[in-house]
Structure formats: structure tokens, C-alpha cells
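Me: I would like to go through this model with you, one topic at a time. Could we start with a single residue and then move on to the chains?

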Protein chains: 2
Amino acid sequence: MGASKSEFFSEQQNEMASLFKAISHPARVAIIEYLLRVDSCICGDIVNELPLAQPTVSQHLKELKSVGIIKGNIEGTAICYCLNPDTMKKLENYFSGISNNLIMKCC
Amino acid sequence: MGASKSEFFSEQQNEMASLFKAISHPARVAIIEYLLRVDSCICGDIVNELPLAQPTVSQHLKELKSVGIIKGNIEGTAICYCLNPDTMKKLENYFSGISNNLIMKCC
DNA sequence: TTTGTTTATCGTAATATTGCAATATAAAAA
DNA sequence: TTTTTATATTGCAATATTACGATAAACAAA
């Protein structure tokens, strides 16, 4: 065992779970908050900002990119990473949808 | 290694990452959506709803409860689980805060 | 007390994640 | 071309997660 039985859940449930998994690590939360904070869409500065080795940061960026949370643009030798507004909106909508349907029923 | 270096990140970043990790599995997304859907705060029916064995569901419920996403009330032999509105609001606010600060800068 | 019902815990196998040194790749600069 | 700079990939060890059978715990009903 060990592999999650994703085939038994809906495509939408698997997609949301993948998005959440991508931001389920403090380093990746920190990357998102850093990209939100900096004025320009700083690139490899993320490596300097985080207390992790360059290959580790590169791996985290890859995970965020693979689910569409960030986008990367090549600019010469460097790469410019930034947040994907569409995905952020999707996450926001998911929880506002929950809040709207959450009429206190019990407990 | 394999253990994430959570001590190097802020308390808030670790807390958000923990919340996201709790919902980073399709079964746990399904539990949330089920609790949102059902009229009454159904309890062990979650086990019947999911394509997983009872101990597995129990473990997933424990993880959701440990980070405060759901609450559990003992009702005789059964236990009544329901969503925690405070935590849901916290998640909603996190992403609306991101959206509000997300002025398209680049990429 | 005994039985049935409901949920939790333990133990363990299969699999996934995290982190980094070493190395590779790619483009700019010299 | 050679060197430098920036980022990605590989390989591997340490650790975490997922799933479930077996079993325990807690309580109600008989």
C-alpha cells in the first residue's frame, strides 16, 4: 500500500488535493509569500531568500509550477518566476464557496 | 534527509502548510465536501461514503481534526463530525488576501 | 454480564517526500 | 572558444504518508 487511491475520487477532488499538496510545505508557502511581496518578479533570489540548498529550491519551484501555481519565464540566463493569478483565484473561489454553503448545522 | 526544515520558517507559514497538508489528499477533500453537502452532521456514514476501509477513514478524520478543520462531538456510540467554520474562514481569508495583493506585475 | 455497534489504535508493508552533493545544461560574457 | 553565471537533473539516504487487517476501547441494548 502507501499509494493513495486517487482513482476512486472525482477529477475535481484530485485536482484540488494536488493544489493543496503543492502548498503543503512551509518552503513552498514561503515562496508564494515572497513572490507576492517583492515588487518585481524576482527569480533566483528565491534561492537566497530560503534556508535551503539550490537544488532543493529548484525542486520546490518545479512542484509549484507543475500544478500551475507559479509560472516561469526565461530571461537570458535567469528565470523569472511569478504567481499564476488564475490558480490563486481558483483557490480563493474554492473556500469562498465553502463559506457560502457553511450554514451552522450542528456541533 | 527527508524531514522538512520547518524550524527555519515562520510559525504562520508552518501553520498554513499544516492546514494545506491536511487537505492535500483526495479522501480528505471528499470528507470536507461531504460534510458540506449533507443536511445533518452525519458521522460514521463517512466510512460508507468513501471507498476506503474504516481504519483508514478514521485516520483521515484524525488528521483533519488535529489541525482544526473538523470538530467531533460524541453522541452515544457514534461521533458527529462537522466542519469548523473558523478554520474555513481562515483559509478563505488567506487566499482573498493573496488575490487582493496580486497586482499583475510580470510574466 | 454478555452481545452488538461504533470508532480508535497498533503494527506493518508499500510508496512518496525531503534534502543535498555531484553533476549536467544552457545562455551570457570574456 | 573558454569561462562564468543561473538553473535543472540525478542519485541516494532519511523520513513521512497511505492503507488495512487485527485488535482494542467505549458504550448501548439485551
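**Notes on the two-chain model**

Me: Is Pro55(B) buried or exposed?
Reply: Pro55(B) counts as exposed, because its relative accessibility is 53% and the cut-off for exposed is over 50%. Please note that this is a predicted model.

Me: Which helix is Pro55(B) in?
Reply: Pro55(B) belongs to helix α4 of chain B, which covers residues 54–66.

Me: And how far is Pro55(B) from Ile23(B)?
Reply: Their C-alpha atoms are separated by 18 Å, and the two residues are 32 residues apart along the chain.

Me: What about Leu64(B), buried or exposed?
Reply: Leu64(B) has 0% relative accessibility and therefore counts as buried. Leu64(B) is also found in helix α4 of chain B.

Me: Which residues is Leu64(B) in contact with?
Reply: Leaving aside neighbours within four places in sequence, Leu64(B) is in contact with Ala22(B), Ile23(B), Arg28(B), Ile31(B), Ile32(B), Ile69(B) and Ile70(B).

Me: Changing topic: how many residues are in contact between chain B and chain A?
Reply: On the chain B side there are 50 residues, in contact with 50 residues of chain A. The area buried between the two chains is about 4,200 Å², and carbon and sulfur atoms give 74% of that area.

Me: Which elements of chain B supply that side?
Reply: At least two residues each come from α1 (11–22), α2 (26–37), β1 (70–75), β2 (78–83) and α5 (85–101) of chain B. Of the elements, α5(B) gives the most, with eleven residues.

Me: What is the make-up by class?
Reply: The side of chain B that touches chain A has 31 nonpolar, eleven polar and eight charged residues.

Me: How many salt bridges and polar contacts are there across the interface?
Reply: The rule finds zero salt bridges between chain B and chain A. Six residue pairs are in polar contact between chain B and chain A, both residues being at pLDDT 80 or more.

Me: What does Lys90(A) form a salt bridge with?
Reply: The partner of Lys90(A) is Glu15(A), and the closest N and O atoms are 2.5 Å apart. Lys90(A) lies in helix α5 (residues 85–101) of chain A and Glu15(A) in helix α1 of chain A, so the pair ties together parts that are 75 residues apart in sequence.

Me: How accessible are Lys90(A) and Glu15(A)?
Reply: Lys90(A) is partly exposed, with a relative accessible area of 37%. Glu15(A) counts as partly exposed, at 37% relative accessibility.

Me: And which residue does Arg28(A) pair with?
Reply: Arg28(A) forms a salt bridge with Glu63(A), with the closest N and O atoms 3.4 Å apart. Arg28(A) lies in helix α2 of chain A and Glu63(A) in helix α4 (residues 54–66) of chain A, so this pair ties together parts that are 35 residues apart in sequence.

Me: Why does Arg28(A) count as buried?
Reply: Arg28(A) counts as buried because its relative accessibility is 6%, and the cut-off for buried is under 20%. Glu63(A), at 32% relative accessibility, counts as partly exposed.

Me: What else does Arg28(A) touch?
Reply: Not counting residues up to four places away in sequence, Arg28(A) touches Lys21(A), Ala22(A), His60(A), Glu63(A) and Leu64(A).

Me: Which residue of chain B does Glu63(B) meet in a salt bridge?
Reply: The side chain of Glu63(B) meets that of Arg28(B), at 3.4 Å from N to O. Glu63(B) is in helix α4 of chain B and Arg28(B) in helix α2 of chain B, 35 residues apart. Glu63(B) counts as partly exposed at 33% relative accessibility, whereas Arg28(B) counts as buried at 6%.

Me: Last topic, α1(B): which of its residues are buried?
Reply: They are Gln13(B), Asn14(B), Met16(B), Ala17(B), Leu19(B), Phe20(B) and Ala22(B).

Me: What covers the buried residues of α1(B)?
Reply: The cover includes α1 (11–22) and α2 (26–37) of chain A, together with α2, α4 and α5 of chain B.

How values were computed
Residues numbered from 1 in each chain as written. Chains lettered and ligands numbered in written order. Predicted model: local features only at pLDDT ≥ 70, side-chain atom pairs only at ≥ 80, totals over all residues. Heavy atoms only, no water. Helix = DSSP H or I, 4+ residues; strand = E, 2+ residues; numbered from the N terminus. Buried < 20%, exposed > 50% of the residue type's maximum accessible area, 1.4 Å probe, protein only. Contact = heavy atoms within 4.5 Å. Buried area = accessible area lost by both parts, 1.4 Å probe. Salt bridge = Lys/Arg side-chain N within 4 Å of Asp/Glu carboxyl O. Polar contact = N/O pair within 3.5 Å; in protein donor to acceptor, adjacent residues only side chain to side chain. Nonpolar A, V, L, I, M, F, W, Y, C, P; charged D, E, K, R; others polar.
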